[in-house]
Amino acid sequence: MKQYWWKVLGAAIVLYSIIGGFLGDVPALPILHESIRVVYFHVPMWFAMLLMYLLSVVYSIRYLSSGKTRDDFIAVESVNVGLIFCLFGLISGMLWANITWGDPWPNDPKLNSAAIASLMYLAYVVLRNALDEEQKRAKISAIYNIFAFPIMLVLLFILPRLTDSLHPGNGGNPGFSGYDMSGEMKYIFRPAIVGWMLIGIWLMSIRLRIRTLEYQQNEPGP
Amino acid sequence: MTLFAQVRQLVYKEIVLEWRSKYALNGILLYVVSTVFVCYQAFRSVEGVVWNALFWIILLFASINAISKSFVQESKGRQLYYYSIVSAQAIILSKIIYNVLLLLLLSLIAFFVYAVIFKNPLGDPLLYLLAVLMGSISFATVFTMISSISAKANNSGTLMAILSFPIIIPLLIVLIKLSKNAMDGLDRGVSLDEIMVLFAINAAVIAVSLLLFPYIWRD
């Protein structure tokens, strides 16, 4: 129980956010109406994705200094899980955009940035496949990961602020705190972010264990 | 030798090597001029937005072609020799500086050929020129590091494009916006944000390259 508590906590929070998210009260706003409930799922995806990418770059840096295979595995599995969150973030966002903005892919800088950022990490996966030698693969891909990270930060946090965006908090739009994230909503929204982050780490640790087992199996051991 | 002296020697070496063969330089120039002609023949006259986009696409592919060779043209033995006499930072700095110089030349020629053949009124030619120069510097800094990564993967052609496009797109967005401002002849104060972002990205890219290149090189 000592080691599992955070997994239970993550699952419980996500369950709470699903139940609370569908049954709780939401403010009646024009255009958004009930679709505002997507915010409990759409936004936490991006937070979880950012956490996974951050984890990946931290472990890439650690790999370069330590040279341990495990650090490399954590880096690559974090990227894999981050890509999953990115995919779900895009899907939920497209569903939401279709209802509120009338188009699944409006020409919005945040959407384009998110898509380009995922291309960056897909390139990371392709780079890994292009290299055969294990240590070289780990090292070169770690370098690419670290190199791409600051540019991804620019892409996600600076460029959308330079132009107008449909998203809140950009181009003169007030942030969520400005209008609708009041009252009961934030009691579901904020825990949901933490919950999905914990789920992300859980997913990553499971994938890490699978990868480590496969690695040990393929290794011509003693 | 100090780092500065090493960098100066290495840049000098690159320029001399290039000047002796002139192969890459002439090839790239021919590539740019012929692409401009192909676009001109295909489009004849275009509106401003397309003109701008076309120019950046031509420049993008020309720079990728120019830089992708920068680490593969030297033999393994010679790289080992450099490794024993100079520091890794000197190598990457000299490559970046040389590539910046190469792309500055290339983009200036491309810009003049493009502007002469493909006439289009520019609201603020000086600012547009600045955008072109900033663009070639940004392409050089980013592509130099990527080409060193893809050279290690022994598959430079396709991998270079796959790795560099996602990273260059953010820069390209800012550059296209800046050059569009220049085309429309907006007040220069409007473009200050973009110029600052470009400077910041370039500084970050050079800093990260300096930190990471020693790891790539140590093989």
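Modeller: A helix here is a DSSP run of H or I with at least four residues, and helices are numbered from the N terminus. The model is predicted. By that rule, chain A reads α-α-α-α-α-α along the sequence.

Biologist: How many helices and how many strands does chain A have?

Modeller: Chain A has six helices and zero strands.

Biologist: And what is the order of elements in chain B?

Modeller: From the N terminus on, chain B runs α-α-α-α-α-α-α-α. That is eight helices, again with zero strands.

Biologist: Take α1 of chain A. How do you know that its span agrees with its number of residues?

Modeller: Helix α1 covers residues 5-23 of chain A, which is 19 residues. The expected span is 1.5 Å times one less than the number of residues.

Biologist: Why is A:Gly20 called buried?

Modeller: A:Gly20 lies in helix α1 of chain A. The cut-off for buried is 20 or more other C-beta atoms within 10 Å. A:Gly20 has 20 such neighbours, so A:Gly20 counts as buried.

Biologist: Which other residues of α1(A) are buried?

Modeller: Besides A:Gly20, the buried residues of α1(A) are A:Gly10, A:Ile13, A:Val14, A:Ser17 and A:Gly21.

Biologist: What puts them on the same side of α1(A)?

Modeller: The arc. They cover only 140° around the axis, so they sit on the same side of α1(A). In general, an α-helix has 3.6 residues a turn, so residues three or four places apart point the same way.

Biologist: What do the buried residues of α1(A) pack against?

Modeller: They pack against α2 (39-66) and α6 (185-218) of chain A.

Biologist: And which exposed residues does the face turned away carry?

Modeller: That face of α1(A) carries A:Trp5, A:Val8, A:Leu15, A:Ile19, A:Phe22 and A:Leu23.

Biologist: Now chain B. What makes its radius of gyration agree with that of a compact globule?

Modeller: A compact globule of 219 residues would have a radius near 17 Å; chain B has 18 Å, so the values agree. Its C-alpha trace spans about 55 × 35 × 30 Å along the principal axes.

Biologist: What share of the residues in chain B is buried?

Modeller: Buried residues make up 41% of the 219 in chain B. For chain A, the share is 37% of 222 residues.

Biologist: Why is B:Phe165 called partly exposed?

Modeller: B:Phe165 is in helix α7 of chain B. Buried needs 20 or more neighbours, and exposed needs 12 or fewer. B:Phe165 has 17 other C-beta atoms within 10 Å, which falls in between, so B:Phe165 is partly exposed.

Biologist: How many residues of each chain are in contact with the other?

Modeller: 21 residues of chain B are in contact with 24 residues of chain A. On the chain B side, α6 (125-152), α7 (156-184) and α8 (192-217) each give two or more residues. By class, that side has 18 nonpolar, one polar and two charged residues.

Biologist: Which residues touch the most other members of the largest nonpolar core?

Modeller: A:Met49, A:Met52, A:Met120, A:Ile143, A:Tyr144 and B:Val142, in a core of 118 residues. Helix α2(A) gives this core its largest share, 17 residues.

Biologist: What does A:Met120 touch?

Modeller: Leaving out residues up to four places away in sequence, A:Met120 touches A:Ala148, A:Met152, B:Pro166 and B:Ile167.

Conventions. Residues numbered from 1 in each chain as written. Chains lettered and ligands numbered in written order. Predicted model: local features only at pLDDT ≥ 70, side-chain atom pairs only at ≥ 80, totals over all residues. Contact = placed C-beta atoms within 7 Å. Nonpolar A, V, L, I, M, F, W, Y, C, P; charged D, E, K, R; others polar. Arc of directions from axis to C-beta. Core = buried A, V, L, I, M, F, W, Y, C linked by C-beta atoms within 7 Å. Rg over C-alpha atoms; globule rule 2.2 N^0.38 Å.
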